[in-house]
Amino acid sequence: TIVIEHLIQASDVSHTMQHFDIYMKWNERLFKEMYGAYEMGRAGKDPSLGWFKGEIWFFDNYVIPLARKLDECGVFGAHSQEYLNYALQNRKRFGLAGQQAVADFKARYEEEKAKGKKMSLNPDYYG
């Protein structure tokens, strides 16, 4: 059914419908994975060049419409509205802070690489 399809879609992007800190934690991890692939020649394009606009597009064209559908079908009860609110808030906050965040993601990636460290995150960075 359509509800199950929405649930499967939401499970793949659930970090975008949670608290901003959770969203940023997973967003940075994905960025670092994609940036590492680019540096190793497994991706043809530097993800830092389009990351900000890509995230805004993703919220506007996928995440928020999906969160609205979940809210309309009420599959999560009262939490459906909470997920929609988080998606809207995260889109707004990333719109304001996202360009700097992408620069920070890249800088931390480079710092960790220079130190020979396994790529790690500071979950308190956006607190």
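**Exercise 1.** Is Y86 buried, partly exposed or exposed?

*Solution.* Start with the conventions. The model is predicted, with local features needing pLDDT of at least 70 and side-chain atom pairs counting only at pLDDT 80 or more, while totals for chains, interfaces and linings use all residues. Residues are numbered from 1 along each chain as its sequence is written, and side-chain values use heavy atoms, leaving out hydrogens and water.

Next, take the cut-offs: buried means under 20% relative accessible area, exposed over 50%, and partly exposed in between (1.4 Å probe, protein chains only). The relative accessible area of Y86 is 23%, so Y86 is partly exposed.

Then place the residue. Y86 belongs to helix α4; helices (H or I, at least four residues) and strands (E, at least two) are DSSP runs, numbered from the N terminus. Apart from neighbours within four places in sequence, Y86 has contacts (heavy atoms within 4.5 Å) with T16, M17, Q18 and H19. For H19, the separation from Y86 is 67 residues in sequence and 6.3 Å between C-alpha atoms.

**Exercise 2.** Describe the surroundings of T16.

*Solution.* T16 sits in the loop between α1 (2-12) and α2. Its relative accessible area is 0%, so T16 is buried. Not counting residues up to four places away in sequence, T16 touches Y23, F58, F59, V63, Y86, A87 and N90. A C-alpha distance of 9.7 Å separates T16 from A67, 51 residues away along the chain.

**Exercise 3.** How do α3 and α4 pack?

*Solution.* Axes are lines fitted to C-alpha atoms, for helices over the stretch in contact, and angles run from 0 to 180 degrees between N-to-C directions. For α3 (residues 51-73) and α4 (residues 79-114) the angle is about 175°, and the axes are 9 Å apart. Angles under 35 degrees count as roughly parallel, over 145 as roughly antiparallel, 65 to 115 as roughly perpendicular and the rest as oblique. The pair α3 and α4 is therefore roughly antiparallel. The contact of α3 with α4 has 15 nonpolar, six polar and five charged residues; Ala, Val, Leu, Ile, Met, Phe, Trp, Tyr, Cys and Pro count as nonpolar, Asp, Glu, Lys and Arg as charged, and the others, Gly among them, as polar.

**Exercise 4.** At what angles does α2 pack against α4 and against α3?

*Solution.* With α4, the angle is about 45° and the axes are 9 Å apart, which means α2 is oblique to α4. Residues of α2 in this contact include F20, Y23 and M24, and those of α4 include N90, R93 and F94. By class, the contact of α2 with α4 holds 10 nonpolar, three polar and nine charged residues.

With α3, the angle is about 130° and the axes are 13 Å apart, so α2 and α3 are also oblique to each other. Here Y23, N27, L30, F31 and M34 of α2 meet W51, E55 and F59 of α3. The contact of α2 with α3 comprises six nonpolar, one polar and one charged residues.

**Exercise 5.** Which residues have the most contacts inside the largest nonpolar core?

*Solution.* A nonpolar core is a set of buried Ala, Val, Leu, Ile, Met, Phe, Trp, Tyr and Cys residues joined through side-chain atoms within 4.5 Å. The largest one has 23 residues, and M17, M24 and F94 have the most contacts inside it. At least two residues of this core come from each of α2 (20-39), α3 and α4. The most come from α3, with nine residues.
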